[in-house]
Every structure is written in structure tokens, then in C-alpha cells.
Amino acid sequence: MIDDKSNSDTDETLGHKVWSALQKYRLDSENRQSTALLQQKAQFLVDEMGLENWIRKGGLNLENLSKFLDPYLRHSNHLHHPGFIGHQVAVPHVGASIADMIHGVINNPMAVYEMGPTAAVIERVIVNWMLEKIGWFSGANLTDFTDNADHGGGVLTHGGSLANLTALLAARAAHFPDSWENGVPDNLGVIVPTASHYSMARAISISGMGAQASCHAPVDELNVLRPEKLQQTFDQATDQGREVFMVVANACATATGLYDPIDEIADFCESNNLWLHIDGAHGASALLSKNRRGLLKGIARADSVIWDAHKMLRTSALCAGVLFRQQKHLAQTFSQEEDYIAFGNTEYGFDAGTFTVECTKAHLGTKLFWVLAMEGEQGLSDFVEKQYFDTKEFYNLINSEPDFECPYEPQSNILCFRYLPFPHEQQVELRKKVLEHGNFYITSASIGKKSYLRLAVMNPLTTMQTIKNLLDEIRTCAKLL
Ligand SMILES: Cc1ncc(COP(=O)(O)O)c(C=O)c1O
């Protein structure tokens, strides 16, 4: 029987017990008492966790909690393990974990102000903070909520993919305002680098333009966009009857971590009246680093930027900013009205829901707020700086080994390399073998037709020694193939 009233003693003890288990999980992961990931077949996991039984009979409680929680945690991917150097997913800061816990209790989905006033205000402040880093906010302080055409605007969404889609819809609304009412013409064009995240191609298809709307941007052998060739691509697409209205630049590219030259691309977009979108899901965090900010030179000249806090800003998944140089683009994207509507203002606050695909939306900004509130801006800047710096050191190490090679010097914390005795085609197989040992979680990437092993150095505990151990592990695994 469901008793909806909280039993404060039991709930509190349950809460403590779960938190202690999580704390142990985290410490064990950090101290390598667990594996990074030991993959198991789905059916095995179902049995280990006793899923069928729990669902049919219920009865999960304080006494039998570990029957479920232990296998659940044991078989998870241990992001806090120093050998987790895989996907671009943050090792979450404890502040973000606490914010998730609070949301899980108060459940204030805040896209409608009155449903989550505190979280709504925090999101607005966090958006102002992100805008400020780009150079799109000139308020006296972050709590300046005045509508101002000179300020940028933005919202937080559940992930970079949704953020890319939102930016594309905004560009479409700006260039083809009646597409909301009448649909899109069948000859639109978007110049996109091949190395763009697949969410961009998806967004183009979802938005009804058809996959043919993607015009491949000219790139070099590392898939970095070549701005000097953009005019040629644009002219060719125009000659073929395409109406190109947008250019996408990567900052940085998912596979390689390399940045497209934004300033030069902005020159081209300005002279051709094209919307410039920067996919900074991963790399916009370099804005916090005084030594790396230059990689994003020209970003303030873009029309839209996306920026995932759940990558380099240490929040749990998800927390992505979709940010516009001009506030009006927020209002126009999801509206039949062409008039500028002030920032969703209500009598008390603002309804961000007007500006997103989502209706019920979690308190995403609160997670980043907690990280900032505990670490301060300087703490987060130091983190980004260190990960970028360490990656360069790891590159130096790997490249100095006679049996390894890196195809380029990293610009960010993403690093590709390969075990030289094996051909490109066998690097993926090698990765699989490394994963089977459970000490490391790494990924692979293709650049052109060549495959590489790939690291995203997101983990504060990954050190030079970790990388030396990884290289030894790779050598051991190679012998087994
Ligand atoms: C450059 C880039 N853009 C967009 C995305 C999609 O972001 P999300 O996974 O938050 O949907 C990613 C994910 O890795 C990415 O690397």
C-alpha cells in the first residue's frame, strides 16, 4: 500500500544510508578499489539487480537496500576512477550531486516561474554569467534582469543536442520568419564542417530542411574548417539553388578537440549576412581560462553559441546553455508573433518555457550554481586550465614513446593517439581489449578514414602516472591480440 506521508525517521535514515553508500562508491572509485568499467551483458545486470522482482513485488526498504544498490553501483561506469578518461562527461562535483538531490526532493520544474521561483532566478543568473563570459552581457551585475536589446539572452536545456536544435530553429526563424506558419522552403542550406557533432545533422533533418540542406564546409586534413574556402562553398551551393543562411563552427570538434578559426569565419558570415553558430558544447569552457581564451577569438561576433556545463564545468548531466547575441532571438524562435516579447516576464519573475522545446524542465542552472558557489569562478577556471595543460603534457609523453604517435598537438583536453605497431583499423579492437581489463575507460575516434584511440581528460585525478600505466596496459593488451 502506498503511504504518501513522509516517515521522517525512516526517510532520513534511508537518505543517510544511500549517501554513505555513494560516498564509499566515490572513494573506492577514486582509490581504484573498483574497476573503471567492467561491461556485463544486459540480462546479467537484470538478474543481479533483481529488477523483475522489485517491480512486481515492491518492498525495497532500509533493510534490503543493498540488494539493489550494491550491484547497481558495482556495475556502473565509475567516472570518479582515475582511469575514466573516456567520453566528455564531467566527473561530477559534489556540489552538483547535492543540487540533484535537492531537486529530487523539492521537484520544482522551473520553466514556469511560479513552479520553481528559486531555480528560475538561479537559471537566469547563470545564463547572465555565461553571456558575460562570451561578452554578451553588460549589466551592472549578474542579477541585472532588465530587458535590453544590447544584452544577449539564453536558456538552459537538457543537453547540447537540444541546444544545437534550438539554435538552428532560432536562425531559421530569423532568416525565414514565416516558416513557423508555412513550413520551410525545400532549398535551404547550412554550411557545416564534417567534424560537427551528429546532433547538428539531426537538427537539420528534424527542422524539416532535409539532410541535403547540409553543405559540407571546406576542412583541412584534421577536419578544421578553412575559412578562406568558405566563399567557394557558398557560391557553389548558391549556384545549385541553395539558399544558405547559416554557418556552423566547432569550438571544439568532438573527435579531435580542435577549434575552428571563429574570427575569420565571422568575417565571412558578416560579409554574406549569414547566421554564425558556434558549437561550444565542449570547448566554450576555455572562455574561463586566461591562457586558452584566445582559441575562441571572435566568439562575441557569432549569433548563437551552445555551451555544456556537464562537460567541462563539472555538473552532472545535463546542463547546456543555448545563448544568443540578441535577446530577441529567444522570443522569436518558438513564436508565431514577430513582435519582441520581453524576456517572458510575469508579475513576479519570468517564464523560460516560452523559449525552449521543453515544457517541464529541471532546475539545470542550480547544478552549475552549486559548483560555482563552492569553487568560485577562479576554482573552475583553474580546473579548465589544468585539464588543458595536463593534456599537452600527456601528449608530450605519448609522442616521446617510440611505439605511440599522436596525429597533432592538442588544443584542448581531447587527445588522439595510436599504438604504432598496429594499423589504424586495429586501434578499435585494441580499445575493446583495454576495456575488457576494466582498469581504464577510453574511447576511439576517426579522423578522415584513420582510427585512433582517444582520451578526454576530464578527470581531476588522472595524472602522468595514470597515462604511463595506460600505455603499459595497451602494450599488454596488444600482446593478447
Ligand atoms: C561538440 C558537441 N556538440 C554537441 C554535443 C551534444 O551534447 P549532449 O551530449 O549534451 O547532447 C556534443 C557531445 O559530446 C559535442 O561534443
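Helices here are DSSP runs of H or I, at least four residues long, numbered from the N terminus. With that convention, turn to the ligand site of this predicted model. Helix α7, residues 160–175, gives the most to the shell around the ligand: three residues. In total, 14 residues surround the ligand. The closest are Gly159, Gly160, Ser161, His197 and Ala281. By class, nine residues of the shell are polar, three are nonpolar and two are charged.

Next, the domains. Across their boundary, 21 residues of domain 2 are in contact with 17 residues of domain 3. On the domain 2 side, 11 of the touching residues are nonpolar, seven are polar and three are charged.

Now look at the sheet. Four strands form an open sheet in the order β8-β9-β11-β10, and their pairing is antiparallel. Strands β8 (404–405) and β10 (443–447) are the edges, each pairing on one side only. Strand β9 spans residues 414–419, and strand β11 spans residues 450–456. These two run antiparallel and are joined by four bridges. Phenylalanine 417 stands opposite leucine 453 in β11.

Helix α14, residues 364–400, lies across β8 and β9. Helix α14 runs at about 10° to β9.

Note on methods:
Residues are numbered from 1 along each chain as its sequence is written. This is a predicted model: local features need pLDDT of at least 70, side-chain atom pairs count only at pLDDT 80 or more; totals for chains, interfaces and linings use all residues. A residue is near a molecule or strand if its C-beta atom, placed from the backbone, lies within 6 Å of it. Ala, Val, Leu, Ile, Met, Phe, Trp, Tyr, Cys and Pro count as nonpolar, Asp, Glu, Lys and Arg as charged, and the others, Gly among them, as polar. Two strands pair if DSSP finds at least two bridges between them. Two residues are in contact if their C-beta atoms, placed from the backbone, lie within 7 Å. Axes are lines fitted to C-alpha atoms, for helices over the stretch in contact, and angles run from 0 to 180 degrees between N-to-C directions.
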